[in-house]
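Reader: I am new to this structure and would like to learn how to read it. Could you take me through it, feature by feature?

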Amino acid sequence: MIRNTLIAASLVGSSMAAQFADWQQRSIYQLVTDRFAKTTNDGGACDSAARQYCGGTWQGIISHLDYIQGMGFDAV
């Protein structure tokens, strides 16, 4: 039963995925999660030369999706 469920889930996922032609029409904004935006605005700047973790998070990206869309991008 679990095997059938996994097979069905994989088929649904692939049928809903964007096709090659769909991606050709997208304007993709590439970013590095760690460097893009922190969840909290503690004011500390990231020193990328130090090669240390800067604190960017998925939630930080989510909170800036309007900014990314405002620049004309429709995929991250």
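Author: Gladly! Let us start with a pair of charged side chains: Asp-34 and Arg-35 meet in a salt bridge, at 3.2 Å from N to O. Please keep in mind that this is a predicted model.

Reader: What is the general idea behind such a pair?

Author: Side chains of opposite charge can pair when their charged atoms come close. In this case the partners are Asp-34 and Arg-35.

Reader: Is Asp-34 buried or exposed? And what does Arg-35 count as?

Author: A residue is called buried when its relative accessible area is under 20%. Asp-34 has 18%, so Asp-34 is buried. Arg-35, at 39% relative accessibility, counts as partly exposed.

Reader: How many salt bridges does the structure hold?

Author: There are two salt bridges. In the other pair, the side chains of Asp-74 and Arg-26 meet, with 3.9 Å from N to O. Asp-74 sits in the segment after helix H5 (65-70), while Arg-26 belongs to the loop between helix H2 (20-24) and helix H3 (33-36), so this pair ties together parts that are 48 residues apart in sequence.

Reader: How many of the residues count as buried, as a percentage?

Author: Of the 76 residues in the protein chain, 13% count as buried. The accessible surface of the chain comes to about 6400 Å², and 56% of that belongs to carbon and sulfur atoms.

Reader: Which residues form a nonpolar patch on the surface?

Author: For a patch, look for nonpolar side chains grouped at the surface. Here Ile-62, Leu-65 and Val-76 form one, with about 270 Å² of accessible area together. Ile-62 is found in helix H4, which covers residues 58-62, and counts as partly exposed at 49% relative accessibility.

Reader: One last point: what do the contacts say about parts that are apart in sequence?

Author: Take the contacts in the protein chain between residues at least 6 apart in sequence: 50% of them join residues at least 24 apart.

Key:
Residues numbered from 1 in each chain as written. Predicted model: local features only at pLDDT ≥ 70, side-chain atom pairs only at ≥ 80, totals over all residues. Heavy atoms only, no water. Buried < 20%, exposed > 50% of the residue type's maximum accessible area, 1.4 Å probe, protein only. Contact = heavy atoms within 4.5 Å. Areas by Shrake-Rupley, 256 points an atom, 1.4 Å probe, with all protein chains shown as cover. Salt bridge = Lys/Arg side-chain N within 4 Å of Asp/Glu carboxyl O. Helix = DSSP H or I, 4+ residues; strand = E, 2+ residues; numbered from the N terminus. Patch = residues over 30% accessible without salt bridge, like charges linked within 9 Å, V, L, I, M, F, W, Y side chains within 5 Å.
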